[in-house]
Structures are given as C-alpha cells and as structure tokens.
Amino acid sequence: MAVVKACKILITGANRGLGLEIVKQLSENSFPKQHIFATCRDPDGPKSEALRELVKKHPSAITIIRLDANDPSSVKESAKKVGSLLGNNGLNLLVNNAGIVANGTIQTTTVEDMKNTFNTNVIGPLLIIREYLPYLQMAAKASGTPGMSSNKAAVINISSVAGSMTRMPSIYKHFPTLPYGVSKAGFNMLTVLAAEEFKADEILCMALHPGWVKTELGGDDATLESKESVAGMLRVIANLTEMQHGGFLDYTGETVTW
Ligand SMILES: NC(=O)c1ccc[n+]([C@@H]2O[C@H](COP(=O)([O-])OP(=O)(O)OC[C@H]3O[C@@H](n4cnc5c(N)ncnc54)[C@H](OP(=O)(O)O)[C@@H]3O)[C@@H](O)[C@H]2O)c1
C-alpha cells in the first residue's frame with residue numbers, strides 16, 4: 001500500500017479534528033527524513049493540548065508553528081519561521097485543512113458570517129499558498145524527477161461537497177450552511193486556478209473531501225470517525241499523480257463533481 005513519503009509537510013489547523021488526526025497518522029508512520037510542521041493559531045492554549053502531547057511522543061518528527069489563517073502577518077511570520085527550518089530541499093506537501101462552518105440561508109445569513117467564512121476558508125488559504133510557494137518551487141526543483149506527486153511538491157486543499165455546485169443543492173435542506181457552501185465553492189475555484197498557475201512548476205494541486213466526519217465541525221451525527229477519513233485521505237494523497245492535478249476527489253479516491 002502506498003504511503004505518504006513527502007519529507008517536509010505542513011498542515012494548517014493541526015491542533016484538533018482532522019488536522020490533528022493527519023499529524024497523528026503521519027507521525028506514527030514517519031521515517032527519519034520526514035518532518036511535520038503542525039500549525040495552529042494558539043500553540044500554547046488549551047485547544048492545542050492534544051497536539052502538544054503528540055509532539056512529546058514524536059519530538060524529532062513534529063514542530064508546532066503558530067499560524068492564524070485570518071491574520072496575514074501571522075501567515076508571513078510562519079513562512080519565515082518554517083523557511084528557516086526547511087533547508088535547501090523546500091516544502092513537499094502543504095495541506096490547507098483549517099476551516100470554519102457557519103449556518104444560514106438567503107434569509108438568515110449575516111454579513112459577518114459571510115466575511116468570516118470567506119476570510120478563513122478562501123483568503124487564508126490563498127495567502128498561505130502564496131507565502132509557501134517559493135518553498136514548494138524549491139522542492140519541485142530539488143526532486144530532479146519529472147511529473148507530479150505529493151512526495152515531490154503538492155498543495156492539498158481540504159474542501160467539501162458543500163462547495164460542489166452539483167452536490168450541495170440536494171443536501172442543502174439538511175445542511176443549510178450557505179456561508180460555508182459559498183466559501184468552499186470559492187476554495188474550489190482557488191484550487192483550479194492555483195493548479196493552472198502551478199503546471200509549469202510541476203506542483204500538484206487538488207481538492208479533497210474528507211467525507212462527513214465526527215469532529216466539532218462535522219457534529220455527532222456524522223457517519224465517519226476521523227481515523228477512517230484520514231486513513232483514506234492519506235491513501236489518496238500518496239497515490240496522486242498529474243492525472244489528478246486540478247481535480248476534486250473524496251477520501252475514497254472517488255471523483256467529486258464540481
Ligand atoms: N468534519 C466534516 O464532516 C468535514 C466535511 C467536509 C469538509 N471538512 C473540512 O475539513 C477541514 C477540517 O475540519 P474539521 O472537521 O477537522 O473541523 P474542526 O474539528 O472544527 O477543526 C477545525 C480546525 O481549523 C482550525 N481553524 C479554524 N479557524 C482557523 C484560523 N483562522 N486559523 C488557523 N486555524 C483555524 C481550528 O483551530 P482552533 O482550535 O484554533 O479553532 C481547528 O484546528 C475543514 O476545512 C472543513 O471544512 C470537514
């Protein structure tokens with residue numbers, strides 16, 4: 001079975017939910033050259049306790065870095081810090097996982113909710129991709145191999161079927177999350193356009209839907225445990241090639257229609 005062999009990996013929103021589980025599963029299978037930059041907005045706060053505990057188990061494999069997707073200066077600072085730790089082979093894998101949900105319909109959605117979801121789910125990832133692009137380009141060049149893969153240089157955007165034009169209408173009645181759906185649709189377009197820009201550099205970029213998962217965001221009624229969703233997503237990530245560049249898959253590897 002293919003496993004993620006990227007050497008330098010960065011994950012946003014790594015202190016809880018799917019992000020924490022990604023760090024956990026990667027660090028359990030980590031090899032000597034692999035290093036995970038687990039980013040979160042409050043590394044010393046109570047919400048990051050589980051991540052700090054995980055670092056105690058794998059101190060040489062994980063570094064916690066402060067990154068608030070809503071704060072451009074924090075994104076810049078994080079890139080500076082990570083850049084100083086990376087070395088000449090750059091960053092192989094960037095996972096844009098941090099995200100927030102907001103409920104609402106045309107009648108009830110507030111301007112605040114639209115702005116907040118757009119800031120965290122679209123503008124944040126845009127700034128993160130931009131700041132880390134030089135390190136991804138470095139990794140793509142350093143690999144010396146043709147084609148695309150998550151071991152070479154890749155951006156994985158953890159999106160949602162809520163951002164799918166074709167899938168969201170039928171689930172909207174049960175999940176009236178208009179601000180979230182609109183922001184994730186924007187995130188999907190960001191993925192497609194980043195993929196277009198990154199073709200020449202051979203940096204793979206795609207969107208991944210984790211399934212409906214029992215986290216704070218997914219809620220208790222969700223059908224999947226984080227463990228299963230993340231194991232599936234890591235399998236998908238490990239098997240990516242240029243065939244999936246600019247695409248949208250779910251945690252089982254099935255294509256999601258835009
Ligand atoms: N769970 C599902 O069913 C499901 C389905 C489809 C897609 N997704 C997507 O999967 C991703 C992870 O979701 P999850 O279920 O793990 O949610 P979660 O348990 O609520 O975790 C969200 C993570 O994002 C972080 N975050 C929020 N705002 C941030 C900001 N401004 N800067 C940095 N980090 C921030 C949170 O950090 P704090 O602790 O600081 O708040 C937390 O680590 C999201 O993008 C979500 O849209 C989830």
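## Working through the strands, cores and ligand shell

L10 has F37 as its bridge partner in β2. This is a predicted model, in which local features need pLDDT of at least 70, side-chain atom pairs count only at pLDDT 80 or more, and totals for chains, interfaces and linings use all residues. Residues are numbered from 1 along each chain as its sequence is written.

**Exercise 1.** In what order do the seven strands form the sheet?

*Solution.* Start with the terms. Helices (H or I, at least four residues) and strands (E, at least two) are DSSP runs, numbered from the N terminus. Two strands pair if DSSP finds at least two bridges between them.

Next, take one pair. β1 (residues 8-11) and β2 (residues 35-40) run parallel and are joined by four bridges.

Now extend to the whole sheet. The order is β3-β2-β1-β4-β5-β6-β7, the sheet is open, and the pairing is parallel. β3 (62-66) and β7 (248-250) stand at the edges; each has a single partner strand, so one side of each lacks a neighbour in the sheet. From one strand to the next, the twist averages 20°. Angles run from 0 to 180 degrees between N-to-C directions, with axes as lines fitted to C-alpha atoms, for helices over the stretch in contact.

**Exercise 2.** Find what covers β1 and which helix lies across β1, β2 and β3.

*Solution.* Take the faces of β1 first. K8 and L10 are on one side, I9 and I11 on the other. All four are buried, so both faces are covered. (Buried: 20 or more other C-beta atoms within 10 Å of its own; exposed: 12 or fewer; partly exposed: in between; C-beta atoms are placed from the backbone.)

Then look for the helix.

**Exercise 3.** Which residues have the most contacts inside the largest nonpolar core?

*Solution.* A nonpolar core is a set of buried Ala, Val, Leu, Ile, Met, Phe, Trp, Tyr and Cys residues joined through C-beta atoms within 7 Å. The largest has 70 residues, and V23, A38, Y132, L136 and M206 have the most contacts inside it. Helix α4 (residues 111-143) gives the most to this core, with ten residues. A second, separate core has six residues, including V101 and Y180.

Finish with V23. Beyond four places in sequence, V23 touches I11, A14, I36, A38, L51, L54 and I62. (Contact: C-beta atoms, placed from the backbone, within 7 Å.)

**Exercise 4.** Is T191 buried or exposed?

*Solution.* Locate T191 in helix α6. Count next: T191 has 26 C-beta neighbours inside 10 Å, so T191 is buried. Leaving out residues up to four places away, its contacts are N157, S159, C205, M206 and A207.

**Exercise 5.** Which residues come nearest to the ligand?

*Solution.* A residue is near a molecule or strand if its C-beta atom, placed from the backbone, lies within 6 Å of it. Of the 31 residues around the ligand, G13, G17, G99, L217 and G218 come nearest. Helix α1 (residues 17-28) gives the most to this shell, with three residues.

Sort the shell last. Twelve residues are nonpolar, 13 polar and six charged. (Nonpolar: Ala, Val, Leu, Ile, Met, Phe, Trp, Tyr, Cys and Pro; charged: Asp, Glu, Lys and Arg; polar: the others, Gly among them.)

Terms used:
Two residues are in contact if their C-beta atoms, placed from the backbone, lie within 7 Å.
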